[in-house]
Structures are given as structure tokens and as C-alpha cells.
Amino acid sequence: MAFASDFLFYKELNLIGGYSRKNGWVGKTQELSNSAGFEHYAKFSSDYGDYLTTDLQVRGAYDANQRFSDAVSCEIHNAWAEYRVNNGLKIKGGHFEPAFGLEQVIDAHSTILQTLVMEDIGYTKDWGVELRGSLSGFDYWVALQLGSGMSIRRIDSSYLVSARVGTPAGREFQYGISALCGNVLDTEGMSTFPKNHLLSDKVILKERIGFDCLYNWNSFVLKGETAFGVNDNSNVIGYLVETDYTPPRAQNWEFETQFQSFVNDLGSSRTDNSTLSVGLSYKLSQAITLRAAFMHDLNQYHQERDTEFLVQFYYYGK
């Protein structure tokens, strides 16, 4: 039997900055920092096809608002290996997205406009294992993870179990149903080394059931997701709608509008975090994308409302 391997290596540079009415000049968002890094993606095959896929995506980030000793960090975004058991079943281990919501369908890794995952879970990726397979007309994912997010830690019996059943990727209309439960750590920041900031030694009980969909319609991409559940003793609900438009005669341009809202306690009034966003992106080349976004908070629970204008230079190429 013959074995072979093939890999792709990409360099990545993300420069972001703008103005926040609340914080003045800013050089980061909740998910994005000024950073440089790489992605190494590899496939290993035999006479019977691919049997192993690996991905390692690492960024070195710099936060100008911190002291120099705290400003530099290492962010490990993807660090996983996926083994194909057979044509219908794969096992993955490492750092990857929980099996929940729209994050499984779209790649928001570098974009300013994000999904609801930070409100629902508190991070975009976690450490653990996942089973992924196919049924008749549907794909499914089941993941067991640490409940810690970017850094490897387990405190107060933290864990996260998530599952999603959805239509296969590539269809014009995709949708899925998700659920999760777990004791999740409350953290801040995207750093893996040193470990990101732990906001509490106590976990938050989180339970969710959600629905997400994506529809490619002519020059539009329509996205939506909603999730209902509990955070400890509070009932919560979140929802997002987004419309992306690419002009047929100027396909380097993309216009985006998004509204997302997350209600932190359905039993009380004015407990929502609600933000309206408008974005514009221009693909300067195959590797370089320029983005700008205007985001206005309609309400923030226990926080001052903000309005931000951000610009981004993003390079991702060989």
C-alpha cells in the first residue's frame, strides 16, 4: 500500500483599528487583534483515499493598549487532527469550533462582523474531541470539549457538550438544528499563551437549543440564527439576521448589514445586548481584503452603549 501527503502553507497578517465613542482609538475587537501568523493544512492519503487531515493556525498578536509585558500573546485558533474512520464517519481531536450554530457553516475567522457564538458560549473554539458523520441527506456533529475556550484549563468541573444536525455544505439553502449543555468558564481575550484572563473561578451553567440557516440567492447571501436556553438561573434568547450583497458587475465589493440581539434575562426588561452593523469589504487581490464596518449599540446590559467605526487590512496568502 502506498502512502502520500500534501500540504498547504499560508501566511496571515491582520491589521485593524478604528474609533470607539466609549474607548477612543482602538486596535482590536473582541475576536480580532493586530497579528501575524500562519496556517499549515495537510492531508495524508493511501490507496484508499484521504485518511488523515490536520490543521494548525497560529497568530502572534499585539495589543497596544497593554503594557509591553502583557501586550504580546500567542493565539492558537486551529490545532486539530481528523481521522477518517470510513466514508461516513470522522473523528477529530484538538482545538476547533463547538458543534453549534452558524459558526459551523460560515468562516468568520477574519471578519469584523461575527456570529452569535460569543454571546451564546463566550468563545469561538475549544479543546476536545468530535465525531462527524453523514446520514441520508444530513450531516451531524457531536463534540465534547473542556468548556475553556482559547486556553487549556479545566476548573470547577468545566465541560461543554454540543451537537448539530444540518444539511450538507455547498447547497444554496443550508440549515441546521443545534443543542449544547455544559459548565463553561467565563474568560476574556483570545490569547492561548499566556492564558487568557479568567473572569471567575466559577463556571456558568449553559443550555441552548438553536436553529441556523444560510441562503445563497442571486447576488445575496442571507444568514440567520437563533438560540434559546439558560445561563445559570436566567432564561436567555439570542437572534441574528444578516444580508450580504455582491454587485454582479463589481464582484470585488461586498456590502453587509447585520442585526444581532441577545437577551440576558427574559424575566426582566432591558437586559439585551443589541447591535446594528453595516460593513463594506473590497477584495484588492486574491490574498488581500480591505474591510470597514460601522457598529452601533441599541442597548447594552449593565454597560455603556458604544458606537464604533473600524477599518481592517487582511492578508492571507501563500
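Let us start with Lys 223, which, leaving aside its neighbours within four places in sequence, is in contact with Leu 102, Ile 106, Cys 213, Leu 214, Leu 240, Val 241, Glu 242 and Asp 244. Contact here denotes heavy atoms within 4.5 Å.

Before I continue, a word on the basis of these remarks. The model is predicted, so local features need pLDDT of at least 70 and side-chain atom pairs count only at pLDDT 80 or more, while totals for chains, interfaces and linings use all residues. Residues are numbered from 1 along each chain as its sequence is written, and side-chain values use heavy atoms, with hydrogens and water left out.

Lys 223 lies in strand S14. Strands are DSSP runs of E with at least two residues, whereas helices are runs of H or I with at least four, and the numbering goes from the N terminus. Is this lysine, Lys 223, buried or exposed? Lys 223 is buried, because its relative accessible area is 15%; buried means under 20%, exposed over 50%, and partly exposed in between, for a 1.4 Å probe and protein chains only. Its side chain makes a polar contact of 2.9 Å with the side chain of Asp 244. A polar contact is a pair of N or O atoms within 3.5 Å; within protein, one must be able to donate a hydrogen and the other to accept it, and residues adjacent in sequence count only if both atoms are side-chain atoms.

I turn now to the loops on either side of S14. Asn 218 is in the loop between strand S13 (204–217) and strand S14 (220–231). Its phi is near 50°, a positive value in a residue other than glycine. With 72% relative accessibility, Asn 218 counts as exposed. Asp 232 belongs to the loop between S14 and strand S15 (234–245). Asp 232 also is not a glycine, yet has a positive phi of about 55°. Its relative accessibility is 39%, so Asp 232 counts as partly exposed.

Another backbone feature concerns a proline. Phe 193 and Pro 194 are joined by a cis peptide bond, with omega about -10°. Pro 194 sits in the loop between strand S11 (187–188) and strand S12 (197–198).

Finally, consider Ala 293, in strand S18 (residues 288–299). Ala 293 is buried, at a relative accessible area of 2%. Not counting residues up to four places away in sequence, Ala 293 touches Ile 112, Leu 113, Val 278, Gly 279, Glu 308, Phe 309 and Leu 310.
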